Amino acid sequence: MIVDGVRTPFLKAGTIPDLSASEMALTPVGELFKRYPKLKESCDCVVGANIGNQVLHPDGSNLARVILLKAGLDPRIPAWTVNINCGSGLHAVLDAVKNVELGLYKCILVVASEVMSDYVAVYNRQQRAQFAKLYEVSRKKAPMWRRLPSLMKEWTKMKMMPHKPEWSIKIGLTDPVCKLGMDEIADQIAEEYKISREEQDLFALESQRRAKAATLSGRLKHEIVPFRGIDQDNGIRFDQNLSALSKLRPLHKGGTVTPGNSSQITDGAVALMVVNEELAKKNGWPLLATMYSRFSSIGGCVPERMGLGPVQAIKQIFSHDWSTLDDIDVIETNEAFAAVVLAQQKEFELVKDNFGRLSPEKVNRNGGAIALGHPISASGARLVLTCAKELELTGATSGLVTLCVGGGQGVAACLERGE
Amino acid sequence: MEDLKLTKWQYRTSIREGLRILSLDCGPEAKQNTLSKQALEELNQVLDVNLTDHPRVMVIRSSKFESFCAGMDVDEIREIVNDPSNLKQLLNRAHEILMKIRQAPYPIIALIAGECLGGGLELAMACHYRFVIDHPKTRLGLPETQLGIIPGFGGTQILPRLVGMQNAIKVIVGGKKLSAKEAKQYGLADSLVDKWEALAIEELDFGTVILDFFLPVKRKVSFLERLPFGKKLVCSMARKATLKATKGVYPAPLLALEAVCASSKSLSRGLNEESDLFVKAANTPEAKNLIDLFFVRKDARKATPLEAKVYPLDVVGVIGAGVMGSTIAYAALTAHNKQVYLHDTYVPSIHKAVRFIEDELAREVKKGKMIKGVAEETRNRLTVGYGETFHSLLSRCDIVIEAIVEDMAEKHKLFTKLEELTRPGAILVSNTSSLLPSEIASVLLHPENFCAMHFFNPAHKMDLVEIAGIKQTNPEIIAKVLNLTRAMGKTPVVLNKECVGLLVNRVMTQYLMQSIFNVSYWPSRPNLWMLDQAFEMCGMMMGPFKTLDLIGFDTGAHVMKMMQAAYPKSLPDLKDFKIADDKSTLGTKTGKGFYIWKNGKPVKPNYEFAKRLDIMPKKKHSLHGEIVAIRETILSKMWLEAMDIYENGIASIDMIDLSLILGGGMMPNRRGVIGRAEH
């Protein structure tokens, strides 16, 4: 039921300053409107995915609605934004799929956009209380000369307090319950599964090499629309080699996770069309891929083992189905950290439950988040898009998309080639 | 110009007025251009004709892009070495002709592309200007000393004048081959041109730009050489270094050095001295032996047991990514267009292998021997896999080279698995040295696709590959493996029969074990470090104890044990000699063995270890005669072993000597272990 999709190139955070999520999202949406002129009138719902950009203007608090209005769609149609951390993009697609399956809507535009360089810095609770006090004093209804001493006092206190802000990107990447950073969790997982630094670096190198090959061969051109003159992902390190990777210092002392073998901080936006089959036929739209909500799942685990969420989710999909991972041709998994993907592979290899293996040859054939970057909510939608295009290009039949989710969850969904 | 009848040259006029192009062309069947007597005579004719009707500019170039001139014809060198009676006359004639180039009233330019070695470089140096094409395949050098002779056409006189004495010594004595960039840096090349400029040079209007091109070139002379006694100092320093490096075994580098030193005299006296020294060098037995070996090696490279058309092996699998595995993979990668799959069970070894290959490629690029794009393309042909499961590429492999631990059970396990996973008809080879190939193949359902292919450590640098089929092996398989070896740029030696240890390891083990045996059972406990020296003085690349340090005692002891089990009669029993007991003393790996090693060099003898093994010499200096006697005993045992190989019909004497020299560095100056005894 996915008709088509397109994305902006994934840009390393800071490539373009003063970028907003809605602005970035409008480029792929506009491209879809251009490709399918009937889309504008047929679209009857917008599902957005975003996590950290809905604080500042112009993105507001419901990004999907902002995009809907800015794109010039009918204001009567609904729009909502979903948030399930890293899984948001995939969940938004699944949300749309479910709604189409139910028959509530016929043509849903899924927009996942995340501009990580636009994340805000916030004041903590004590600082905020101080600001509130000052505000309260200044609003008191009393003559100026009576208000002045307390006003001066609070103002001085406010000036004296430490002004160091909290970075919301750091808050977002730290688990609120187990108080561990995502990198620390990856370190723990690597230790648990005995994944050495060497193995992670080899994986990272392979990811970079595959992304490089895909870019140079023009394979990724099929899914990218140029954004502000940039037409390819700029996080890929074209001359990456193993020596350089092994020289990097680990993020935590004694750990194995380095900036080289974890995903990058990136800006990116993806737009997908999820359409009722009959409507697509009527409009003469092609069918890129099909998804069924019954072949999708969200699984949970303890937050300390965040990276293994996909294992649970995949097991849930295949537990009420006869097929296994070995029947899947293309697997796209999110490379939040090399350690995490390797742990997932090991888990399936070690536990003989007849779920098959996550074969390295099928996983992320065109590179993954280590090379391209991981704009949190956009990643899920990108994986769906990349997987669908890979199915189309290679003629393979089935694909699987999965992401680990901070907080201890995993999202997984199966895809089938359209026609 | 019309009445010239040239067979080795093409002489023509360019479209531009006054420019003539003389290109060396030894015919399409010759891979490389060589400077034969005839070519020199014809050059003389051209120069004579030009005296009356001279062009404004003459360009000397080659009709082949890959090879300007690879030097004198080695066949002719062999001829003159075998019959050195009219040698002096020949050299004088050559000097005369080259002098005509120098004294030509019009500028002569050498346009150098590809290999320009020996006589070729001497010809180029006789020209007034050298334009070098900036290409990774361009190499300039004077490698004559490797054949036991010295440059004879004035190379030792002109090069120091062009690049200074110190650099000249590096090239002539050290045998260094310069890339295009280095040549420019040294001042040997007057200008670097790229490929397209070189093609366009024929159309260049020398008439108008002539002044820009032919300004006098300023030569850089190093500070040391400008000092009053600087040149003498340089020479004496170089002499010491050369003596240390060659251990006095090879006379040619020393003679070449002497000739270079003579370059401070006038040109005619220098040339005279050079030809005297050339005659001296050509009369040494070393020259004869080294040239002989050159031909043996050439034959080994040419030999084809099967005439039928052999398809190349495109996908090469290497299992085991230790030092052997990774260097084999690298050697296979550098062969043209081979897809390589490298696998190891342990992640760290794969990691190390990939790093090694990437770093090695980067080094090649840095040195200017490879273009960056080619290095990248080479890297792209490498696929790695690790863990218990193999990559699906294994099923596409045409040949799988096994390079895992020398353990029969492990090998059996691996080969059973490989036969299941590879495609039918894929060749399986084992890089074994101390196990019997047919025993390894006993688990195979199709032993006809199996043979032993033994590389030497480090495989990307060592030239030799031993190939041995087993009884069932299909001859076509051997032919294919031979082709692969050649594509990897190695010299293959095919054994007629299999045996444990193949050729080199059998004699090598004999060498090492006999040395240990003799040192430990000789009542006076001869000085083992002196014995090492004695061997090196007679032409062994490395003494036995140094070799043991390099191999590592754990590996060495393991191999010796297995070889002893296979040849209990010929190899001595060293059961009570516990060499690999102490894990901190394992040779170069731990920095301590028979020597203390620092930065890959032996610094001083390790007395402690010798004491522990109870082979500490009783006297500080053993008698020279005693050491020589022991050396001769050991060499005779090695000769016996080599003759045993020959008498069993495993290989011919030439091949045995060649493999011992290429694989073990055994006395190339004396023409190998058997050759030495015969002559």
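Reader: Into which domains is chain A divided?

Author: Domain bounds come from an automatic or database domain assignment. Chain A is divided into domain 1 (2-121 + 266-289), domain 2 (126-164) and domain 3 (182-221 + 291-413). This is a predicted model, in which local features need pLDDT of at least 70, side-chain atom pairs count only at pLDDT 80 or more, and totals for chains, interfaces and linings use all residues. Residues are numbered from 1 along each chain as its sequence is written, chains are lettered from A in the order in which they are written, and side-chain values use heavy atoms, with hydrogens and water left out.

Reader: How many residues does the contact take from domain 1 and domain 3 of chain A?

Author: Contact means heavy atoms within 4.5 Å. The C-alpha centres of domain 1 and domain 3 of chain A lie 23 Å apart, and the contact takes 34 residues from domain 1 and 30 residues from domain 3.

Reader: What area do domain 1 and domain 3 of chain A bury between them?

Author: Buried area is the accessible area (1.4 Å probe) that two parts lose on being put together, summed over both. For domain 1 and domain 3 of chain A this is about 2,700 Å², with 74% of it on carbon and sulfur atoms.

Reader: Which element gives the most to the side of domain 1 that touches domain 3 in chain A?

Author: Helices (H or I, at least four residues) and strands (E, at least two) are DSSP runs, numbered from the N terminus. Here α4(A) gives the most, with 9 residues.

Reader: How many residues of chain A are in contact with chain B?

Author: 15 residues of chain A are in contact with 16 residues of chain B. The area buried between the two chains is about 1,400 Å², of which carbon and sulfur atoms give 51%. Leu202(A), Arg209(A) and Glu361(A) supply 34% of the area that chain A buries against chain B, more than any other three residues.

Reader: Which residue of chain B forms a salt bridge with Lys212(A)?

Author: The partner is Glu376(B), with the closest N and O atoms 3.5 Å apart. On the side of chain A that touches chain B, α9(A) gives the most, with 7 residues.

Terms used:
Salt bridge = Lys/Arg side-chain N within 4 Å of Asp/Glu carboxyl O.
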